[in-house]
Amino acid sequence: MNDIKIGLFGFGTVGQGIYKVIGRSLNAHAEIRRICVRDVNKPREVEIPSALLTDDMTRIFSDPEINMIVEVVDDAGASCRIVTEALRRGLPVVSGNKAMIARHLPGLIDLQRRYGGALLYDASSCGSIPVIRNLEEYYDNDLLLEVKGILNGSSNYILSRVFDHHEEYADALRRAQQLGFAESDPSFDIEGFDSLFKLIIITMHALGVYVRPEDVFTYGISTIHDSDIRYAREKGVKIKLVAQVLKVADDKFTMFVMPEFVPPSRYIYSVDDEYNGVVIRGECYDRQFMFGKGAGSLPTASSILSDIMAHRHNYRYEYKKMGYINRPEYTTDVVLKIYVRYVETPAAELIPFIDIQEQYTSRTDSYVIGTVLLSDLIAIRPSLSAPDLFLVSFPTFFADLDD
Ligand code: HSE
């Protein structure tokens, strides 16, 4: 087996973590040969020989010794250019950029098939939890019913600090940024897009179907208010930002990202701080639970190292499920039960409820609980961004079972 000589793109929180874990891992037989960054003079926590750094990507692609690309750049456009260039050259690539992968997955699969290079990205979804490879290999059958969980460490950290430690939302967000969990634009975390991108990737490996990010209902936690937290506490539940993909019939599945009331009987109730938790439910085995650090320098770097090692053993995703004849179809024709808190926006008029089950009105905070079609929520999604609204779903599917 040849030694792995890596051309690394990006030397931020995760890139520096990769440098550390590769240095510790003798069995990887891997070395970082060159690191491409935007600004070579930027001060960095990890000290490295300055000759390793370059701001010229051609120095990596023209180096015949480099036989693997690892990219952990922040910018999805740059990430796409790097990964595309590497795949066109037939080089193996490890990427952690979930936004880029979720948006371009069909094209990236095509490039792998056309030029023979492999793209591995377990690190892109749930940090240190090996969710992609498990879905791809172990759950390679028709029994899978649901993959549901907390896929974003920053929003979970914020909710935990606010919920369990009575901290202010803005302080918790700042801390998540300082600790290196949050994206450079933290709205990706708190508005649910980071969870969405991971869910798109998970769905491809769970069901063999690609769904475009813009076709999935996504709602985050940025408008959560004290009164929502009080409501949840009174009911003995927590509010978590949950992403889920689930079969609603043998030939249909749905998916969405939104806050959910989580009772203590559920596995994800105890997933706090920057941890992620993923529940996988199947017909014959009920449910399985994966738990681990979903954000941060070393947890993510450990997953990158795992992808590097997987390549060393010639592993690649085969996307076998894409070839299955009975892949389920995506539907948004499903009924959800939701809580909507509002101040001035007339929620009961704005949202085309099928049925209203509870309504509370006060001068400062009112709420309405009822059932609604997911497709109707998608149709009015822009109006749901009003700052005085907050939506939470009740666990509707498999609600009779603990998860
Ligand atoms: N910002 C992401 C999170 C990093 O908080 O989960 C890991 O993908």
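At what angle do helix α3 and helix α4 pack, and how far apart are their axes? Helix α3 (residues 76-88) and helix α4 (residues 98-115) meet at an angle of about 10°, and their axes lie 10 Å apart. Here helices are DSSP runs (H or I, at least four residues), numbered from the N terminus, and axes are lines fitted to C-alpha atoms over the stretch in contact, with angles from 0 to 180 degrees between N-to-C directions. The two helices are therefore roughly parallel, a term for angles under 35 degrees.

Before going on, note that this is a predicted model, where local features need pLDDT of at least 70, side-chain atom pairs count only at pLDDT 80 or more, and totals for chains, interfaces and linings use all residues. Residues are numbered from 1 along each chain as its sequence is written, and side-chain values use heavy atoms, leaving out hydrogens and water.

Now to the cysteines. A search of the whole structure turns up zero disulfides (pairs of cysteine sulfur atoms within 2.5 Å). For Cys 36, the nearest cysteine sulfur belongs to Cys 80, 16 Å away.

| Residue | Relative accessibility | Class |
|---|---|---|
| Cys 36 | 9% | buried |
| Cys 284 | 64% | exposed |

The largest nonpolar core has 129 residues, of which Ile 6, Ile 69 and Ile 308 touch the most other members. Such a core is a set of buried Ala, Val, Leu, Ile, Met, Phe, Trp, Tyr and Cys residues joined through side-chain atoms within 4.5 Å. Helix α9 (residues 193-207) gives the most to this core, nine residues.

Key. Buried means under 20% relative accessible area, exposed over 50%, partly exposed in between (1.4 Å probe, protein chains only). Angles under 35 degrees count as roughly parallel, over 145 as roughly antiparallel, 65 to 115 as roughly perpendicular and the rest as oblique.
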